[in-house]
Amino acid sequence: MEVDSLDQDFAVVTGGARGIGLAIAKRLHRAGAKVALLDRPGSEVSKAAAPLGGVAIEVDVRDPDAVDQAITSANQRLGGLTILINNAGTGMLQPMHEYTNQQWDDLIAVNLSGTFYAMRAAVPIMLEAGRGVIVNNASVSATDPTRGELPYSAAKAGVLALTRGAAQEYGPTIRINAVSPGVIRSPMTEMLYKNPAILEPVERSVPLERTGEAEEVADVVHFLCSEASRYITGQNIVIDGGMNIPQAGIDSVLKMSLDMMSRARRPEDESSDG
Ligand SMILES: NC(=O)c1ccc[n+]([C@@H]2O[C@H](COP(=O)([O-])OP(=O)(O)OC[C@H]3O[C@@H](n4cnc5c(N)ncnc54)[C@H](O)[C@@H]3O)[C@@H](O)[C@H]2O)c1
């Protein structure tokens, strides 16, 4: 058997109707898995699942009973459940002291509680089956809280805690890892791409000099679901083009200095060549 084949697998992807979740569902389907896409009522989840021959289930991940039912239903309709991708998420941008109780509750409910509810529902099924893989979609904001996104950052930090803790509790039967994307093009970040004045400095700050694509997250998730990653559990794989590499805060100034030095050297180089 190929180590990256998923043809014996049954995968649930939350937030699967669009963006990174849809790219993951397509990737797992291409690797041979049967897929169920879960997304909130009103999303176009049926339309997204149809080309994959997938199961579509409308569910709001903030509702614990509805998540239980959705996971049970996905297990029955797929004929099993061996992969769970907790990807449903949502964000907001404003100063911390301006968040209302409702906004705080909502960000924690979607990003953190939804992940917990789905893991809690899927784990007994995987234990019974004797195998399973869970991948939680966190964020670089989980380890380095980002300005204006503190409730989101706190929720994603909780997702990493769930990931590491559950990996300890459920190994060796279930492997549980997280991915932490940096800036990835999706409907969530589309505004950025409409505004070059914001996008360009972001791209310049990334060592790989561009933002990422949803498929680049999906490739890593596929790896984490496959036998190729069989000795990896409890980890957080950062997918950010190097954006998050710690630096001393003076890096952009030094880069400018190096650019100036190289510009100043150029005429000299040219005259010595001639
Ligand atoms: N795009 C990025 O740059 C980026 C960076 C870091 C982390 N992430 C994470 O990746 C995941 C996917 O993000 P995306 O960029 O594809 O965003 P997106 O907004 O395009 O997709 C999110 C999906 O989650 C679904 N969803 C939201 N609330 C839900 C709820 N209550 N119940 C069920 N489904 C719900 C949405 O309907 C949507 O289909 C999120 O968890 C996000 O936090 C994204």
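## Parallel pairing in the sheet

Strand E5 (residues 132-137) pairs with strand E6 (residues 174-181) in the parallel sense, over 6 bridges. Two strands are taken as paired if DSSP finds at least two bridges between them. Helices (H or I, at least four residues) and strands (E, at least two) are DSSP runs, numbered from the N terminus. Asparagine 136 has alanine 178 in E6 as its bridge partner. The model is a predicted one: local features need pLDDT of at least 70, side-chain atom pairs count only at pLDDT 80 or more, and totals for chains, interfaces and linings use all residues. Residues are numbered from 1 along each chain as its sequence is written.

The open sheet has 7 strands in the order E3-E2-E1-E4-E5-E6-E9, with parallel pairing. Strand E3 (55-58) and strand E9 (236-239) stand at the edges with a single partner strand each, so one side of each is left without a neighbour in the sheet. From one strand to the next, the twist averages 15 degrees.

## Helices on the sheet

Helix H3 (residues 64-78) packs on the sheet and touches strand E1 (10-14), strand E2 (34-39) and E3. The direction of H3 makes about 165 degrees with that of E3. Contact here means that the C-beta atoms of two residues, placed from the backbone, lie within 7 Å. Axes are lines fitted to C-alpha atoms, for helices over the stretch in contact, and angles run from 0 to 180 degrees between N-to-C directions.

Helix H5 (residues 150-170) also packs on the sheet, touching E5, E6 and E9. The direction of H5 makes about 160 degrees with that of E6.

E1 and E2 run parallel and are joined by 5 bridges. Valine 13 stands opposite leucine 37 in E2. In E2, 6 of its 6 residues are buried, a residue being buried if 20 or more other C-beta atoms lie within 10 Å of its own, exposed if 12 or fewer, and partly exposed in between, with C-beta atoms placed from the backbone. Lys34, Ala36 and Leu38 lie on one side of E2, and Val35, Leu37 and Asp39 on the other. Beyond its neighbours within four places in sequence, leucine 37 is in contact with residues including Val13, Gly16, Ala25, Val45 and Ala56.

The largest nonpolar core has 70 residues, and those with the most contacts inside it are Val12, Leu37, Ile83 and Ala122. Helix H4 (residues 101-129) gives the most to this core, with 10 residues. Such a core is a set of buried Ala, Val, Leu, Ile, Met, Phe, Trp, Tyr and Cys residues joined through C-beta atoms within 7 Å.

## Ligand shell

The ligand is surrounded by 27 residues, of which the closest are Gly15, Gly19, Gly89, Ser186 and Met188. A residue is near a molecule if its C-beta atom, placed from the backbone, lies within 6 Å of it. Helix H1 (residues 19-30) supplies the largest share of the shell, 3 residues. The shell divides into 10 nonpolar, 12 polar and 5 charged residues.

## Methionine 243

Methionine 243 lies in the loop between E9 and helix H9 (251-273). This residue counts as partly exposed, with 19 C-beta neighbours inside 10 Å. Leaving aside neighbours within four places in sequence, methionine 243 is in contact with Gly182, Ser205 and Val206.

## Whole chain

The protein has 9 helices and 9 strands. Its C-alpha trace spans about 75 × 50 × 35 Å along the principal axes.

Note on methods
Nonpolar A, V, L, I, M, F, W, Y, C, P; charged D, E, K, R; others polar.
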